[in-house]
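Trainee: I have a structure open and would like to learn how to read it. Could you walk me through it, feature by feature?

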Amino acid sequence: MNILGIETSCDETAAAVIEDGVAIRSNVIASQEELHAQYGGIVPEIASRQHMKAMMPVVQQALQQADVELGKLDGVAVTHGPGLAGSLLVGVNSAKGLALSHDIPFIGVNHLEGHIYASWLEDDVDPSVEPGFPLMCLITSGGHTDLIVMRGHGDYTLIGRTRDDAAGEAFDKAARVLGLGFPGGPAIQRAAESGTGAEPRLPRPSVKGSLDFSFSGLKTAVLRRAEEKGLYPPPKNGELDPQQVAEVSQAFQEAMVDCMVTRTLKAAEDHGVRGILLGGGVASNSHLRRQMADKSPVQVVVPRPALCTDNGAMIGAAAFFHLRGGARRSWDLDVVPGLRLG
Ligand code: KG4
Ligand code: ZN
């Protein structure tokens, strides 16, 4: 079964052809990163206009690379939320048009569910063999930091979420303070590699009696630390000491990762899960991946770093399991910018 997965919820225009929910026949991503970098964050109107320009060339390339004709597809799947309304609209309307033109089954996918199914995208995964449910999923990205118990395909319960900033948002804001540019996560990770561990630790905020996250205190703490060290506001000559930036980046990354690992392990223990699954852009962070794998008593499943950030492949994978379960969506599927999972 070949499914075209389309993703436009934020700043990547992406399309992929996925066979039987696990095999990537093509995976094309047109990133708008450089376009938004000059503004230090995503500008919604620029994002939707750019999706309009990139959408059809990206779809064409995905079909060509997979060597599949549009009319031969078994499904067209698209992210319909959560995300930026204007960006989602481009993807949903394009997908509807493509599906309608050849009478192909059409399905809307929750972006967060897509991040979960990125873990199924390995060539050696057999879609009929179930992973050890229940799984504790940590979906950590620029818009979300959610803890979700997955008891089976399509069966989700949200048990924890961020009370303020998403983890990716905190990485992006800290990077801005440290003069590292956008997107901040990869930049902080790179800078942290030169840290020596000399920096005094930053706080690990937690929400008492709950599995929720809170990152705003840590974001303020990194700002104060940068001010104390003369890194922020940036000096007049614009030159920041790279070693100082590396030390603060490392302390920040360690605190962020510690918060996520500690909460996830507690949630995993409370719910007696058989595995932990990571997804979303922040799950590509090498320190998070290593710490979770080292500290977890149960199996940890994480997609390849390139499949943690937004892509169409994960949408095609999630849709396969929906279609296999008999799901169909009607043509009046709407975008839901605040869509939740579980
Ligand atoms: O999942 P994603 O591509 O888009 C959303 O759904 O939000 O996640 C993007 C977020 C950005 O905030 C980016 O800074 C963060 O993921 N990110 C990282 C890393 N790579 C991307 N954060 C920490 N470490 C990384 N290596
Ligand atoms: Zn995402």
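Mentor: Gladly! Between domain 1 and domain 2 the count of salt bridges is zero. Keep in mind that this is a predicted model.

Trainee: How much area do domain 1 and domain 2 bury between them?

Mentor: First the general idea: an interface's size is often quoted as the accessible area lost when the parts come together. In this case, domain 1 and domain 2 bury about 1,600 Å² between them, and 70% of that is on carbon and sulfur atoms. On the domain 1 side, L112, I116 and C308 lose the most area to domain 2, together 31% of what that side buries.

Trainee: Now the metal. Which residues coordinate the zinc ion (ligand 2)?

Mentor: Look for H111 (NE2), H115 (NE2) and D310 (OD), which coordinate the zinc ion at 2.0 to 2.1 Å. Along the chain, these donors follow the spacing H-x3-H-x194-D. Distant parts of the chain are linked here: H115 is in helix α4 and D310 in the loop between α10 and α11, 195 residues apart. A word on reading such sites: water is not among the atoms, so sites may look incomplete.

Trainee: And how many salt bridges does the count come to?

Mentor: Twelve. One salt bridge pairs E45 with R49, whose closest N and O atoms are 2.9 Å apart.

Trainee: Why are E45 and R49 separated by about one helical turn?

Mentor: Because they are four residues apart in helix α2 (residues 44-66).

Trainee: What should I look for in the backbone?

Mentor: The general idea is that most peptide bonds are trans, and most residues other than glycine have a negative phi. So the exceptions deserve a look.

Trainee: Which peptide bonds are cis here?

Mentor: One joins G81 and P82, with omega about -10°; P82 is in the loop between β4 (75-81) and α3 (85-101). Another runs from F182 to P183, where omega is near -5°. You will find P183 in the loop between α5 (167-177) and α6 (184-192).

Trainee: And is the phi of D20 positive or negative?

Mentor: Positive: D20, a residue other than glycine, has phi near 50°. D20 sits in the loop between β2 (12-19) and β3 (23-31).

Note on methods:
Residues are numbered from 1 along each chain as its sequence is written. Chains are lettered from A and ligands numbered from 1 in the order in which they are written. This is a predicted model: local features need pLDDT of at least 70, side-chain atom pairs count only at pLDDT 80 or more; totals for chains, interfaces and linings use all residues. Side-chain values use heavy atoms; hydrogens and water are left out. Buried area is the accessible area (1.4 Å probe) that two parts lose on being put together, summed over both. A salt bridge is a side-chain nitrogen of Lys or Arg within 4 Å of a carboxyl oxygen of Asp or Glu. Donors are N, O and S atoms within 2.8 Å of the metal (3.2 Å for Na, K and Ca); water is not among the atoms, so sites may look incomplete. Helices (H or I, at least four residues) and strands (E, at least two) are DSSP runs, numbered from the N terminus.
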